[in-house]
Amino acid sequence: MPTNTQGKTTHADLIALLDGEISRPTFPFERLIEKNAQRAVLELTAPSDLFYFDGHFPGVPILAGVVQIHWVIAYGRQCFDLPPVFLGIHALKFQRIITPEKPFTLELVHEPAKSCLSFKITSRVGTHTSGRVMFGASDV
């Protein structure tokens with residue numbers, strides 16, 4: 001959350017945040033490597049001026065897990081026709097941190113019969129994050 005010099009979030013800052021009026025990047029640089037009906041692979045790089053690095057952590061920025069999940073769902077919706085309602089996350093594992101300017105790969109596998117989006121975030125140093133996001137119809 002943005003704060004002023006007194007450590008408080010102002011109404012204007014909160015409205016700007018909620019309205020999406022952020023002047024810095026909130027998504028990584030991306031390159032689509034592969035895409036078919038059930039699988040997509042993207043190469044991503046979080047820029048050093050990424051909004052979500054603020055305060056997480058000063059001097060040693062790392063990408064928060066909630067941001068990683070946000071990106072998984074956003075890219076999943078961009079690549080596949082996913083059911084509209086998020087139901088939960090299964091088998092979520094955070095194994096390595098993601099830092100600025102280091103490329104990583106996001107592999108998405110859509111399993112329509114299970115209403116599931118499996119994902120794995122890897123780089124040359126190994127697996128960073130993996131899990132399955134579950135979706136359902138709006139009448140669930």
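The lining of the largest cavity in this predicted model divides into six nonpolar residues, one polar and no charged, where Ala, Val, Leu, Ile, Met, Phe, Trp, Tyr, Cys and Pro count as nonpolar, Asp, Glu, Lys and Arg as charged, and the others, Gly among them, as polar. These lining residues are Leu44, Gln68, Trp71, Val72, Phe104, Leu106 and Ile121. A cavity is a set of points on a 1 Å grid over the protein atoms alone where a 1.4 Å probe fits but cannot get out, and lining residues have an atom within 4 Å of a point. The structure holds one cavity of 30 Å³ or more, and the space in the largest cavity is about 40 Å³, a volume being the space filled by probe spheres set on the points, which are joined across faces, edges and corners.

Two elements, α2 (65-79) and β4 (104-111), each supply at least two residues of this lining, and α2 gives the most, with three; helices (H or I, at least four residues) and strands (E, at least two) are DSSP runs numbered from the N terminus.

The largest nonpolar core has 26 residues, among which Trp71, Leu106, Leu108 and Leu117 have the most contacts inside it. Such a core joins buried (under 20% relative accessible area, 1.4 Å probe, protein chains only) Ala, Val, Leu, Ile, Met, Phe, Trp, Tyr and Cys residues through side-chain atoms within 4.5 Å. Two or more residues of this core come from each of β2 (39-45), α2, β4, β5 (116-123) and β6 (126-136), with the largest share, seven residues, from α2.

Beyond its neighbours within four places in sequence, Trp71 is in contact (heavy atoms within 4.5 Å) with Thr26, Phe27, Pro28, Ala46, Leu50, Leu63 and Phe104.

Residues are numbered from 1 along each chain as its sequence is written, and side-chain values use heavy atoms, with hydrogens and water left out. Local features need pLDDT of at least 70 and side-chain atom pairs count only at pLDDT 80 or more, whereas totals for chains, interfaces and linings use all residues.

Key:
On a 1 Å grid over the protein atoms alone, a cavity is a set of points where a 1.4 Å probe fits but cannot get out, and a pocket is an open set with protein on both sides within 12 Å along at least five of seven lines; lining residues have an atom within 4 Å of a point. Buried means under 20% relative accessible area, exposed over 50%, partly exposed in between (1.4 Å probe, protein chains only).
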